[in-house]
Amino acid sequence: MSTPQLIAVLENPNYIMNIGTVIRNVNALGVDKLYVIDGLNRLESDLEQLRQRKSILKHSKGAVKYTHVQRFDTSIECLDLLEQQGFCNVATSPHSHGVQHYHLPESPLTQPLLAIWFGDEANGLSDTILQRCQFCISIDMMGNVESLNLATATGIVLYEALRQRHQLKS
């Protein structure tokens with residue numbers, strides 16, 4: 001039996017500061033890894049170089065020094081790897097996009113190998129990812145906007161995934 005793993009995946013985030021804040025969330029919550037799709041080659045591929053980047057260091061509050069971050073050129077490259085390793089891939093979106101859709105509190109996030117995908121700040125996840133993920137989850141919104149800041153959304157969703165996983169152990 002493999003060790004349960006939880007990976008957060010960011011697909012082409014627009015703002016470096018959000019990546020840094022997500023790294024902080026990932027580290028603080030004990031998520032195993034952060035994968036970042038960077039089709040524009042704005043991030044360093046070498047983890048040690050990334051850890052020295054001032055904007056990432058600043059916004060992660062130093063958590064980048066202790067967090068496994070891996071960069072990918074394309075979403076397909078990352079998704080193929082995760083599927084080969086047996087991960088359940090879950091999309092986050094306020095819309096169902098034709099796949100099974102759950103509101104966050106009812107979502108089944110207890111799979112032993114789970115990768116949760118978060119889209120860019122303007123357009124969300126690509127159609128390719130939305131079509132290939134096993135299901136989609138959304139955070140219920142009470143106000144007039146349909147989504148939260150990327151860093152805020154990752155904190156909420158990853159916390160819920162970890163809460164559910166810890167409940168299983170109890």
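A: The account below concerns strand 6 (113–118), its partners in the sheet and the helices around it.

The structure is a predicted model, in which local features need pLDDT of at least 70 and side-chain atom pairs count only at pLDDT 80 or more, whereas totals for chains, interfaces and linings use all residues. Residues are numbered from 1 along each chain as its sequence is written, and side-chain values use heavy atoms, with hydrogens and water left out.

Helices (H or I, at least four residues) and strands (E, at least two) are DSSP runs, numbered from the N terminus. Two strands pair if DSSP finds at least two bridges between them. Here seven strands form an open sheet, with parallel pairing, in the order 3-2-1-6-4-7-5. At its edges stand strand 3 and strand 5 (101–103), each of which pairs on one side only. From one strand to the next, the twist averages 25°; angles run from 0 to 180 degrees between N-to-C directions, and the axes are lines fitted to C-alpha atoms, for helices over the stretch in contact.

Strand 1 and strand 6 pair in the parallel sense over six bridges, and the bridge partner of Ala8 in strand 6 is Ile116. With strand 4, the parallel pairing of strand 6 comprises four bridges; Asn89 stands opposite Ala115 of strand 6. Ala8 also stands opposite Leu34 in strand 2, and strand 1 and strand 2 pair in parallel over five bridges.

Is strand 6 buried or exposed? A residue is buried under 20% relative accessible area, exposed over 50% and partly exposed in between (1.4 Å probe, protein chains only). Six of the six residues of strand 6 are buried, so this strand is largely enclosed by the rest of the structure. In a regular strand, side chains alternate between the two faces of the sheet. Both faces of strand 6 are covered: Leu113, Ala115 and Trp117 are buried on one side, and Leu114, Ile116 and Phe118 are buried on the other.

Contact means heavy atoms within 4.5 Å. Helix 6 (residues 150–169) lies across strand 1, strand 4, strand 6 and strand 7 (135–138), and runs at about 160° to strand 6. In helix 4 (residues 75–84), the residues Ser75, Cys78, Leu79 and Leu82 are buried. Seen down the helix axis, these buried residues fall within an arc of 95°, so they line one face of helix 4; the arc is that of the directions from the helix axis to the C-beta atoms. They pack against several elements, including strand 6, strand 1 and strand 4 (88–92). Helix 4 is followed by Gly86, whose phi is positive, near 85°.

Most residues other than glycine have a negative phi. Asn12 lies in this loop, and its phi is near 50°, a positive value in a residue other than glycine. At 30% relative accessibility, Asn12 counts as partly exposed.
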